[in-house]
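Dear colleague,

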Amino acid sequence: MTKILLAVLALVAAPILGALITGVDRRITAWLQSRYGPPILQPLYDVLKLLGKQPMLVNTWQALCAYVYLVGAALSVVLLFTGSDLLLIFFVLTVGAVFLVMGALASPSPYSQIGGQRELLQMLAYEPLLILVFASIAMVTGSFKVSSVFELSRPMLYDLPLMFIVLGYALTIKLRKSPFDISASAHAHQELVRGVYTEYSGPYLAMIEIAHWYEVILVLGICALFWSTSFVGMIVLVALTYLAEILVDNVTARLTWRVMLKSAVGMGLVLTVVNMLWLYAQ
Amino acid sequence: MLDTLVFVTVLLPFLVAAVLLVLREQNLRKVILVATAGVLILSSLAMLRGGAFIMSPAPLWGSLVTLGDFLILAVVLLVGLKRKNQIIVWLTVAQIVGLIWFDFFMVKDHGATPAFFADDLSLVMVLVVSIVGSLIAVYGIGYMKEHEEHLHLTTSKQPQFFFFIVLFLGAMNGLVLANNMLWMYFFWECTTLCSFMLIGHDDTEIARKNAERALWMNVLGGTAFLFGVMLLYKVTGTLSLQEILARGPEFAVAGGAILVPMFLLVFAGMTKAAQAPFQSWLTGAMVAPTPVSALLHSSTMVKAGVYIIVRLAPIYAGTYFSNFVALFGAFVFLATACLAAGQSNGKKILAYSTISNLALIIACAGINTPAAITAAILLILFHAISKALMFLCVGAIEQKIGSRDIEDMRGLFARMPRTALVAVIGILTMTLPPFGMLMAKWMAIESAHGQFLLMIMLALGSGVTVLFWCRWAGLMLATPFAKAAPEAQDGTIRGPLYLLAGLAVVLSFFSPLVYNGLVAPVVAMYYKTAPYVLRYGNFESATGVFLVYPLFILLGLGFFFALRQTRKITAAQAVGPYMCGEQTSVDGKPGFLGPLGQNVTAVSGNYYLEQFFGEAMLSKWINVIALAVLVIMLFGGAL
Amino acid sequence: MLGNLINQGRIKSPWVVHFDCGSCNGCDIEVLACLTPLYDIERFGILNIGNPKHADVLLVTGTVNQRNKHVLKNIYDQMPTPKAVIAIGACGCSGGVFREAYNVVGGVDKVIPVDVYVPGCPARPEAIIDGVVAALEKVKKLLGMTA
């Protein structure tokens, strides 16, 4: 019963929270660029407006893909909140991501095509990192279940400090933050028109935005697992991480996909191995 | 009853094959093939109902098998001599000498060993061979007709073709049901010969060359198999697989001695499953007509290789050897997934991804925990269905568009809506939850937990896998908004496509039942514990939980709702793709309006990441590393 | 209720796409100046989105000529409704000093309906922002939101 309640809570609260976080993000970004910035509720306004626009499509696959992307993202957040299996959450997240790319590739527009290809490369970079993070969490807790993380007596961050950096890498890619915003930027930076988002418009773009909010909550939720012992600790950790992400977003320039792929996989592997050796040594 | 069933699944195909060889009447051949397929499917299901059994046919059959062994070896020797291939000749001579010595001087109690035995693992394999294999054979009817029309043959070569195809079905069933290792060797050699003949079927220069390569690699495996059996007999004193498995733990305790024959048998399995450094025969085999690729080189024959490795897993459980098998499997999984990502040839992608998935099964066998073996068996089952489906799709597409390059499949939905959709379903069942393949992969990764090197390779490998599947599915859908033209297709081609696609989805839905009925008993038999508890159809273990039905229902509902919404979309809502405001369209192909008002067609291509995934560069290193791991595997025990 | 919220969103989030129709770049520089910290149009929720399929407001600078009029029309057609068009600068409004040139069609309104005209050569950033706000007022009236 509590699980169902949690699921409903996740379903409703996650996008709202995600929108607010994105709003704060835009505000802080503006502040870092010595601008005033939009209101905190701006992401909500954007999505509401998009929902009210005329549906416009290249073909029906795009609509299908947008819907499935949203369902996949929402479902993965529900799974996280109900304490399910980390690897399963990851796979469900992949469902959404795969459909987003399929929808982009389903349009013959070269911008959307290249965006889709780049998104695939981003997936290639962050997916192994996420699996490694989950695997190392399982090393500490002995199980892939989210619920078992909360049975730990001390925060995971002590055991897996380097894995947290690896997660940060994946986070930057997943949140479409600079320097890895190569397939599409979270902000309206122009690159390849809008990359993987180019051909989605109106209500379908709104759906993708909402799905993105779910994903923000999901990745931040996974960050929170690293300080599972206290609620305040979780909030502080997540807030600091997100601030760091914004800072990185604002002080770095976009890199090429080659650099992304090499550095993500290379750094990820090195940090993982070092962290694991340290874990074995303990 | 049991006699009849074994007769039907193993011997009947041999007899039907003989009939097909002399039969030149097309329609009759069609009837016989469909009828055989039906009988095979029904009898395999009946066999499944019957459950485990042991059976010894009359001693006469034993002599026939011995005769058959020498017959096949003689044929292979002749081929070797004719092609002047030293490797084939010497390996075959070694086999003949070994077999003579083994058959007539070493083994004293011929006939005392029951020829057949089946547990759930064998039965799963029989199901795969009989159902998937038969459907592919039926597909072959329509495919070969068009294939030969395309080649303008004066005399049809279909009798030979179907002779080997059907013969192969019998041989595979025999292989997975065999208890007597010598029988298994016979069927093993049968599949090698069938494969050689079918790869060379089109009799072109490249087909002959690739067939020869496949032959020498498989003969190498066959030699390893024979000597493995001989050593096994020396160590255990029996030829009965069942007895060896039952006494497995005691051999494992005895250590060392059993591992050498195990290595040889596993090595034989690796050559048959085309693992690195032997992957080149399987990619070369793609010159054969598509039903051959689907049947032999993706869903069934290569499964014989992993079958033997999974079959023997309980014997080498907990040894250093097992760890190396896991390491080898994980490495090849990653390496061949990378090779697949660098390809644009559809059949080659399928070939490499087959090798990759087989390697994952081998890795599971090497991890050798109950959960890993469960993953291995489920992978065998689900992979066979989905991969066969993909091959048949590529075959049908190739006949229509004249290319197997995935770049040419851009916007395929406009031309072949049904086939394109079936192919997309095939891809989704290969890559996404809640389908069976992904569930098995989940089990595999979770059971690798704690072995970090394995985990890293599995993580990287599954990332690459998503890359090459996803873009293929996406680009097939790249069409302008329009009603797709209806598609004409032979019933013998369409039927198997639909059936396999349905099977892939439905069987995934009933995966808890499959696990309970087929996988759990056999794992419990050899490992004494059940890896997963099923609660409301969800797989639960100490390390994790996989929600089958909630996922199916929620994702299914979402998908259904999405589909309903997309139905409402009208042509009025459709616009052209974004082309900077310069878009034009010629014959439904979008392009830019260039200088002087000329149309410039928009062309896009996938990233194949040559610098990371280039075949020539990678293969060299992969082969060296794989070979090194194999050598360490063999001599590691001595260290 | 949802309709009201959506209308609220429409007012608060005009995403613009900027199309240079053959301008001397004077107006374009001023359009981009609006994005700078000094003018910071993002505080009104305005984003320079660069994709007509995502945009609500089309900012057009420069004269329309025979070569690019179909592009302008095409971009306009690819914007989902509701949408607004703002012609910027003397050229965009009427064709400016190039009005009589042989290949010039004239102002933007010769090809697509224009909602707001922002004069100037070049138009000042303040004027451009004012134009967008004026367009919003027009939208408000259209939505029946002016109480």
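A salt bridge here is a side-chain nitrogen of Lys or Arg within 4 Å of a carboxyl oxygen of Asp or Glu, and across the interface of chain B and chain A that rule finds 0 of them. This is a predicted model, in which local features need pLDDT of at least 70 and side-chain atom pairs count only at pLDDT 80 or more, while totals for chains, interfaces and linings use all residues. Side-chain values use heavy atoms, with hydrogens and water left out, residues are numbered from 1 along each chain as its sequence is written, and chains are lettered from A in the order in which they are written.

In the same interface, 70 residues of chain B are in contact (heavy atoms within 4.5 Å) with 67 residues of chain A. The two chains bury about 5900 Å² between them, 78% of it on carbon and sulfur atoms, where buried area is the accessible area (1.4 Å probe) that two parts lose on being put together, summed over both. In chain B, Phe452(B), Tyr578(B) and Tyr607(B) lose the most area to chain A, together 11% of what that side buries.

Turning to chain A, an unreviewed UniProt entry lists several transmembrane regions, including residues 61-81 and 125-144; such annotations, given in the numbering used here and with shortened feature names, may be inferred rather than shown by experiment. Residues 61-81 of chain A are 100% helix, with end C-alpha atoms 30 Å apart, whereas residues 125-144 of chain A are 85% helix, with end C-alpha atoms 22 Å apart; helices are DSSP runs (H or I, at least four residues) and strands likewise (E, at least two), numbered from the N terminus.

With regards
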